[in-house]
Amino acid sequence: MTTRKRPNLPTRDKCCGCAACYDACPHSAITMTEDKNGFLYPNVDEDICVGCGLCVAKCHIANLKLIQRHKIGQPLKAWTTDQELIKNSASGGVFAQLATDFLSVGGAVVGAKLEGKCDVRHVVIKSVSELQSLQNSKYRQSIASGIYAEAQQLLRKGVDVLFSGTPCMVAALQHFLGNRDKYEGKLLTIEIICHGVPSSELIKQALHYHNADSVVRFRTKSMGWLMGNRVVYEKNGKTEERKDRCEDYFFRMYLSMSFLRNNCYECPYANIERVADITIGDFWEKTYGKIDNHDGVSVVSVNSKVGMKYIMQSKMLHTEPVEWRACLPANINLYMPTNNNLVRLGKYIHILKKLPQCIRINAFLCGFRSRLLYKYQMKFVWLITPKLLAKKIVKQQQKLHEVLRMAKEKD
């Protein structure tokens, strides 16, 4: 009897859940399933697997040295002048504008769509009327099963494709396609500045806490872009949002950065060598009074000639060059992963879920539910953990200075 060799896929501490292995398997032996903590991982059916190793060959994490990188480009602050597009976008609407440009000439756009109660899935759209479903941020891992193969089929048919996602998803597509030169000028990749992928349990807990039925959108501009980190829920057929961000339990949980996938704290793509043609995110500044457009401003790094081509061709994008010092301090994931000195609770979510509700809420919030008590808690934390916090801050500042020096030498 022949013993089949189990594929040597990355361990759970390294796997990013991108699902490229799912698309690569010619025998449908791999399924993507959520574990007890709400994170997606590949599950190999050993009765079906023939041990061909194609899943490992197409895994970008297992082949990091083969991933094409771009030196980070000139930073820009940008926004679309189309008021309808920027209104429905999380920040400056750069993705939405480039997607509109693509769709208007017969191209296809791949992005994350909010489905059902709070699920997120990567889909292909081919018309501007579908674009709104891909706009706005989605703070949950997108189900990407099948999307790389679908994008490849479109490219082989001669269709221009705009692919947007997290850096690890862009790397997954790049490695899945193999020789990208075959699609030169036909493929544009856009990556977000990613803080890390949170457990799906966070939004489920938030729905429970707020007695809501579903998520309408993860960010809203009802109080302006700078106050946009508030989830809009649907409750009994009506939309509802928290006016105070401290009372929005989802963002309290997410911004603690304690419930991310374990690999996100060591992300190989959170550095100045980017994998996408264009990198986008919120243009956060220390002094918000300098914000030029209160409907939303994006920070954009154009990392390749392909990316520059599409930015320059877009007639509805307003762009201005900025200095690195203006955008790097508030966007640390442009040059380093989310600081790994934070408390990591992602592996213990299945335990937290079993706690009594009064304790469970505070555990997931990483603090007291009461705003006043939370304020005193943070003061206490700063008092008793000066060494840990100092180590975290020093590491971040050292990395920032290093990147600023490199950027200066490049200029």
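Helices here are DSSP runs of H or I with at least four residues, strands are runs of E with at least two, and both are numbered from the N terminus.

Before going on, a word on the model. This is a predicted model, in which local features need pLDDT of at least 70 and side-chain atom pairs count only at pLDDT 80 or more, while totals for chains, interfaces and linings use all residues. Residues are numbered from 1 along each chain as its sequence is written, and side-chain values use heavy atoms, with hydrogens and water left out.

Now the overall picture. The protein chain has 14 helices and 15 strands. Of its 411 residues, 52% count as buried. Buried means under 20% relative accessible area, exposed means over 50%, and partly exposed is in between, with a 1.4 Å probe and protein chains only. Contact means heavy atoms within 4.5 Å. Among contacts between residues at least 6 apart in sequence, 71% join residues at least 24 apart.

Back to α7, residues 201-209. Of its 9 residues, 7 are buried, so α7 is largely enclosed by the rest of the structure. Those buried residues are Glu201, Leu202, Ile203, Gln205, Ala206, Leu207 and Tyr209. What covers the buried residues of α7? The cover includes β9, β10, α8 (249-254), α11 (349-352) and α12 (357-364).

Three strands form an open sheet in the order β9-β10-β11, and the pairing is antiparallel. β9 (214-217) and β11 (238-241) stand at the edges with a single partner strand each, so one side of each has no neighbour in the sheet. Neighbouring strands of this sheet are turned by 40 degrees against each other on average, direction ignored; the axes are lines fitted to C-alpha atoms, for helices over the stretch in contact, and angles run from 0 to 180 degrees between N-to-C directions. Two strands count as paired if DSSP finds at least two bridges between them. Between β9 and β10 (residues 232-235) there are 3 bridges, antiparallel. Ser214 stands opposite Glu234 in β10.

Next, another group of strands. As background, strands of a sheet pair through backbone hydrogen bonds, either parallel or antiparallel. Strand β5, residues 108-115, is mostly covered, with 6 of its 8 residues buried. β5 is joined to β7 (residues 161-165) by 3 bridges, and these two strands run parallel. Val109 has Leu162 as its bridge partner in β7, and Val110 stands opposite Phe163. With β6 (residues 119-125), β5 pairs in the antiparallel sense over 7 bridges. The hairpin of β5 and β6 has 3 residues between the strands, and Gly116 there takes a positive phi near 60 degrees.

Is Lys113 buried, partly exposed or exposed? At 30% relative accessibility, Lys113 counts as partly exposed. Leaving aside neighbours within four places in sequence, Lys113 is in contact with Asp119, Val120, Arg121, Val123, Ser133, Leu134 and Lys138. The C-alpha atoms of Lys113 and Gln135 are separated by 8.0 Å, and the two residues are 22 apart along the chain.

As for β7, 5 of its 5 residues are buried, so β7 is largely enclosed by the rest of the structure. Val161, Phe163 and Gly165 point one way, and Leu162 and Ser164 the other way. β7 also pairs with β8 in the parallel sense, over 5 bridges. There, Val161 stands opposite Leu187.

In general, an α-helix has 3.6 residues a turn, so residues three or four places apart point the same way. After α5 comes Gly158, whose phi is positive, near 90 degrees.

That is the end of the tour.
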